[in-house]
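Please examine the model displayed here.

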Amino acid sequence: MDYVKIETATSYDIQKYLDEGWIIIDTSKEFNGRDDTSIKYHVGYPTQKRIQDLMRIISMYEEHGFKNLLFSEIAKKNGVDLDDYKLGEWSLDETSQILSLYESVVQNKKVTFSKALKPITPEKRSELLEKIYGDEPF
């Protein structure tokens, strides 16, 4: 078993650790005087338990709309409009990759996002061609 944290506990606080999901890995005796001994508990916080804790926190964020806020802020940071994205083919742009990664890691879903192609207006087409070719006839 893997642990994200390992600590020692005394007989006074071991129950608190166990109630929080820690696991006793080992015990040792500690001599505190002539005939005075105490038991030290070596406890570990399981990696799987930490993942469950984090997933519970993420679910609370999602319940309060922070998933949408996160996605919007990522899109804004990348200079794109989140409304331009849809489920679909895999895209190499950073926003698509982050949205897909989130769904994969947090929701355990294989989802891909791509930027939706918008139809180009004749005016925009002419503008683009002029930028590329200048005044050359085409």
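In this predicted model, L54, I57, M60, Y61, F66 and L69 make a nonpolar surface patch of about 560 Å². Patches consist of residues with over 30% relative accessible area and no salt bridge, nonpolar side chains (Val, Leu, Ile, Met, Phe, Trp, Tyr) being joined within 5 Å and like charges within 9 Å. A salt bridge is a side-chain nitrogen of Lys or Arg within 4 Å of a carboxyl oxygen of Asp or Glu, and accessible areas follow the Shrake-Rupley method with a 1.4 Å probe, where for residues only the protein chains shown count as cover.

Helix 2 (47–63) and helix 3 (66–77) each supply at least two residues of this patch; helices (H or I, at least four residues) and strands (E, at least two) are DSSP runs numbered from the N terminus. Helix 2 gives the largest share, four residues. L69 belongs to helix 3 and counts as partly exposed because its relative accessibility is 42%, the class between buried (under 20%) and exposed (over 50%).

Residues are numbered from 1 along each chain as its sequence is written. Local features need pLDDT of at least 70 and side-chain atom pairs count only at pLDDT 80 or more, while totals for chains, interfaces and linings use all residues; side-chain values use heavy atoms, with hydrogens and water left out.

| Pairing | Sense | Bridges |
|---|---|---|
| Strand 1 (residues 3–9) with strand 3 (residues 37–46) | antiparallel | six bridges |
| Strand 2 (residues 23–31) with strand 3 | antiparallel | eight bridges |

Y3 has P46 of strand 3 as its bridge partner, and D26 stands opposite H42 in strand 3. Strands 2 and 3 form a hairpin, with five residues between them.

As a whole, the chain contains five helices and five strands, in the order β-α-β-β-α-α-β-α-β-α from the N terminus. The chain is more spread out than a compact globule, because its radius of gyration is 28 Å, well over the 14 Å that the globule rule gives for 138 residues. That radius is taken over C-alpha atoms, and the rule is 2.2 Å times the number of residues to the power 0.38. The C-alpha trace spans about 100 × 30 × 20 Å along its principal axes.

Of the 138 residues, 20% are buried. The accessible surface of the chain is about 10700 Å², with 54% belonging to carbon and sulfur atoms. Among contacts (heavy atoms within 4.5 Å) with a separation of 6 or more, 48% are between residues 24 or more positions apart.

Methods: Pairing = 2+ DSSP bridges. Buried < 20%, exposed > 50% of the residue type's maximum accessible area, 1.4 Å probe, protein only.
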